[in-house]
Amino acid sequence: MIYFDNGSTSFPKAPGVGEAMANLLETAGFNINRGGYEGAYEVADMVLDTRELLCKLFDWEDPKNVAFTGNVTQSLNYLIKGFLRPGDHVVVSSMEHNAVMRPLNQLAEEGIAFDAAQADPQGRLDPARVEALIRPETRLVVMTHASNICGTILPIEAVGRICRARGIRFVIDAAQTAGILPLSMQTLGADAIAFTGHKGLLGPQGIGGLVIRDDFAQEVRPLISGGTGSVSDTELMPAFLPDRFESGTLNLPGIAGLNTALRYLLDTGLEAIYKKEMSLCSRFLAGARQLKNVRIAGIDGLEGRVATVSLDFTHAGLDNAAVSFQLDSDYGIMTRCGMHCAPRAHKTLHTFPQGTVRFAFGHRNTEQEVDTCLEALSTICRG
Ligand SMILES: Cc1ncc(COP(=O)(O)O)c(C=O)c1O
């Protein structure tokens with residue numbers, strides 16, 4: 001079995017993640033903020049510790065600014081729907097995932113407009129295109145850090161500077177880069193970073209979150225309201241963080257798993273992980289360039305990307321879904337084909353409607369696996 005679907009979710013998870021989750025459930029499956037006993041305080045300490053580890057990762061000082069959600073989709077919904085009001089305008093890139101585009105299209109029915117800054121056919125975005133779309137009503141820019149289809153990195157530093165200069169809020173979708181590229185709340189000029197625990201963070205599914213600045217948090221209405229275990233003498237939602245965004249019982253086993261994964265990531269070092277993934281990506285790209293009539297979607301070199309590669313086999317007379325199916329059935333190689341929940345990005349890359357086959361490498365993949373896959377692809381393309 002060869003797993004190249006790390007863009008969807010990472011596998012294997014960091015060592016010890018499953019054990020940490022099972023251990024919490026079996027030895028300390030208590031709730032936090034609700035029970036006045038020692039075991040519950042210990043779980044609360046673990047949750048606080050996880051917030052602190054996330055602060056290390058996202059370069060932020062105060063753990064209260066980290067709120068847990070179920071995944072980055074929920075985080076983005078919280079931020080987008082909680083902040084925008086009828087009459088507002090939003091700018092995004094043409095490389096966004098449906099986690100951004102579907103909430104915005106829903107809001108369009110309520111009089112909230114958006115424009116997408118067009119990236120080039122490699123997925124690269126000129127920040128001036130974002131600036132050109134800003135209007136007096138523009139209150140928010142939301143942007144993915146890297147494309148989930150082709151790995152192209154978007155210019156979030158420059159976009160952050162534009163937003164700061166204009167007093168526009170800036171939210172980063174870090175689904176494809178958290179745990180792989182450095183992300184600093186201090187230097188990026190971001191008002192919030194939305195993350196998911198199960199991709200580059202190497203944690204379990206069902207846990208994600210957001211890091212948010214205090215002043216922005218006060219402008220974001222909580223989308224979900226309910227019990228927080230705090231200020232229980234009032235029926236009104238607490239204004240303070242993280243409770244403002246954490247109604248209902250948290251995914252505590254998920255947080256325990258994420259805690260273990262974050263320790264592994266911080267011990268291993270993001271740079272080492274990125275280097276390993278990029279060396280596999282480089283090997284794969286070199287082989288993919290030799291495949292006749294197979295198009296590499298996005299950047300075909302190593303500059304300005306993460307280790308996610310999309311190939312379009314239709315120019316070689318093959319169907320992308322059939323190639324992905326054959327890789328799995330004949331060679332045990334797992335990939336993802338289709339639209340990858342980002343139709344506008346496929347249009348940008350000129351791979352709509354045929355989609356692509358995506359190969360997303362993780363640092364636990366090996367050169368041998370890449371070579372096996374390239375051999376399989378050359379056989380499929382010849383056949
Ligand atoms: C760029 C991007 N944003 C958002 C998501 C949604 O992630 P999740 O399903 O964890 O909410 C993904 C992953 O599918 C993604 O690649």
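This is a predicted model: local features need pLDDT of at least 70, side-chain atom pairs count only at pLDDT 80 or more; totals for chains, interfaces and linings use all residues.
Which ligand atom does a polar side-chain atom of Thr73 lie 2.5 Å from? An oxygen atom of the ligand. Numbering runs from 1 along each chain as its sequence is written, and side-chain values use heavy atoms, leaving out hydrogens and water.

Back to the ligand. Lys199 also places a polar side-chain atom 2.8 Å from a ligand oxygen, and a polar backbone atom of Val72 is 3.4 Å from an oxygen atom of the ligand. Taken alone, the ligand exposes 400 Å², and the protein buries 88% of that (Shrake-Rupley areas, 1.4 Å probe). The ligand is surrounded by 13 residues (a heavy atom within 4 Å), with Thr73, Asp173, Gln176, Thr196 and Lys199 the closest. That shell holds 3 nonpolar, 8 polar and 2 charged residues, with Gly counted as polar.

Now, the domains. The assignment, automatic or from a database, gives domain 1 as 2-10 + 270-382 and domain 2 as 17-268. Their centres, over C-alpha atoms, are 28 Å apart.

How much area is buried between domain 1 and domain 2? About 2800 Å², with carbon and sulfur atoms giving 59%; that is accessible area (1.4 Å probe) lost on being put together, summed over both parts. On the domain 1 side, Leu270, Arg344 and Thr348 lose the most area to domain 2, together 23% of what that side buries. Between the domains there are 0 salt bridges (Lys or Arg side-chain nitrogen within 4 Å of an Asp or Glu carboxyl oxygen).

How values were computed
A polar contact is a pair of N or O atoms within 3.5 Å; within protein, one must be able to donate a hydrogen and the other to accept it, and residues adjacent in sequence count only if both atoms are side-chain atoms. Buried area is the accessible area (1.4 Å probe) that two parts lose on being put together, summed over both.
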